[in-house]
Amino acid sequence: MILNEEEQAMLAGEAGAVAKIAIEHQIQVGEFFGARDFVPVTQAHIMADTESLGQAGVMWLERLADANDGRVRIPTITDPRGTDFSKAWLLGQAEWMLELERRAIDAFRRLGVSMTDTCINYQTVLAATRGEHVAFGDTGVVIYSNSIGGARSNFEGGPSALAAGITGRTPRYGYHLDEQRRATLRLRVDWTPRELDDWGALGGVVGRLAGNYWQVPVLEGLECAPTSDQLKHFGAAMASFGSTALFHLVGITPEAPTLAAVGGDRLPAAQRIGEDDIRALRQSYAVDKTIDVVVFSAPQLSLFELREIAALCEGRHFRVPLLAVTSPQVKPDCDRFGYTRTIEAAGGTVLSGMCFYQSYAREMQEAKGWKRLATNSAKLVNILGGYGYVPMLASMRACVDAAESGELSGELK
């Protein structure tokens, strides 16, 4: 890779041992992907839950922090953590899990990282804007920022995102390049979803059709511009089902005012996606059995989603646990507006700063006896089967009904 004077100085150790370690890592990544040089980035977002880090990963963070000769030089934030310390007892998490989390948080803070603990920073902290080069980790954050914000990021692994925070740059490859952002797959949607679970299911269908990280779908035919929450579920599911990092919606997303603007007019005739395709994905998870837990998570909930859940919880008495997971930025307003009180009066729990599947989901399942799980998140159902759950995808209303009755309605048959 071609290095400028500042980067050469980092590599030589002139900016400290931590910066040297960081840029050495980035050079290896850049050479693997064929990057010619580095691009300056303005923000970094680290995905580093302790379930994935383990003891070895936390010890590595601690060694960087102990060196005491390097901190992040650009705004650097964190993805959801592995717990909500105030509610850990409810989740059945062991003390060793919490202690590992405390150690990771301490190391991040000493490195100058802001503990935002969110996967919806584009709704709560600072949305990346069109053309802004960033180094983001969470797949839902990357696909939303790339597609809706028009920013430029690859999926950055935890060490790579931290390295970007420390050096202020990332290898220039992939979605930092104009040519990689052109459409490669043309699709036409014949039915526009309305509910969040249907938007997630549509994202899952598109993700399966795309099938790999380098595919860039362009969609035609939507009847109206989706809301931020609808796009959040749509993109998060697409990234989960297909490893997709960028999509275009003709006439809606910033880089696709027309089909031709992203090269879609040169692609083969569009493959059509109809309501039956979306329903089929939903129904592939429809076992129609009694449930053990309802989870609204992945992505974390916006204030408007929590408002809707609270309205559905009025006058209810839940038979099974209902968990509503949000960010530390949204939770205080949820409390202030009375949404937390309403949800928890019905028997639900509002959790902050975590994500269900990043919080030792298998261990929670074993400790709490939670096997059959209902959610309106297509991303979550795609992930949780690997953790020993039987996940079911349903509307927000059907999920709240299920928390009260203990079983999902016949809408899933």
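Modeller: Start with Tyr360, which sits in the loop between β12 (348-352) and α15 (361-368). Helices (H or I, at least four residues) and strands (E, at least two) are DSSP runs, numbered from the N terminus. The model is predicted, so local features need pLDDT of at least 70 and side-chain atom pairs count only at pLDDT 80 or more, while totals for chains, interfaces and linings use all residues. Residues are numbered from 1 along each chain as its sequence is written, and side-chain values use heavy atoms, with hydrogens and water left out.

Biologist: Why is Tyr360 called buried?

Modeller: Buried means under 20% relative accessible area, exposed over 50%, and partly exposed in between (1.4 Å probe, protein chains only). Tyr360 has 4%, so it is buried.

Biologist: What makes the phi of Tyr360 worth a remark?

Modeller: The phi of Tyr360 is near 60°, a positive value, and the residue is not a glycine. Most residues other than glycine have a negative phi. Ser243 also has a positive phi, of about 60°, without being a glycine. Ser243 lies in the loop between α10 and β8 (248-249).

Biologist: Is Ser243 buried or partly exposed, and how do you know?

Modeller: The relative accessible area of Ser243 is 36%, so Ser243 is partly exposed.

Biologist: What links Arg316 to Glu404?

Modeller: Their side chains meet in a salt bridge, at 2.8 Å from N to O. The pair links distant parts of the chain, 88 residues apart: Arg316 is in the loop between α12 and β11 (322-326), and Glu404 is in helix α17 (residues 396-405). Arg316 has 13% relative accessibility, so it counts as buried. Glu404 has 30%, so it is partly exposed.

Biologist: And what separates Arg336 and Asp333?

Modeller: About one helical turn, because they are three residues apart in helix α13 (residues 331-336). An α-helix has 3.6 residues a turn, so residues three or four places apart point the same way. Arg336 and Asp333 form a salt bridge of 2.8 Å, N to O. Arg336 is at 58%, so it counts as exposed. Asp333 is at 25%, so it counts as partly exposed.

Biologist: How many salt bridges are in the whole structure?

Modeller: A search finds 28. Asp197, Asp198, Glu275, Arg279 and Arg282 are linked in a network of them.

Biologist: What makes the buried residues of α11 line one face?

Modeller: Ile278, Leu281 and Arg282 are buried in α11. Seen down the helix axis, the buried residues fall within an arc of 100°, so they line one face. The arc is that of the directions from the helix axis to the C-beta atoms. Their cover includes α9, α10, β9 (271-273) and β14 (390-393).

Biologist: Which residues touch the most other members of the largest nonpolar core?

Modeller: Leu202, Val206 and Phe234, in a core of 43 residues. Such a core is a set of buried Ala, Val, Leu, Ile, Met, Phe, Trp, Tyr and Cys residues joined through side-chain atoms within 4.5 Å. Apart from this core lies another, of 30 residues, including Leu196 and Phe296.

Biologist: Why is Phe32 called exposed?

Modeller: Phe32 has a relative accessible area of 69%, so it is exposed. Phe32 is in helix α2 (residues 17-32).

Terms used:
Contact means heavy atoms within 4.5 Å. A salt bridge is a side-chain nitrogen of Lys or Arg within 4 Å of a carboxyl oxygen of Asp or Glu.
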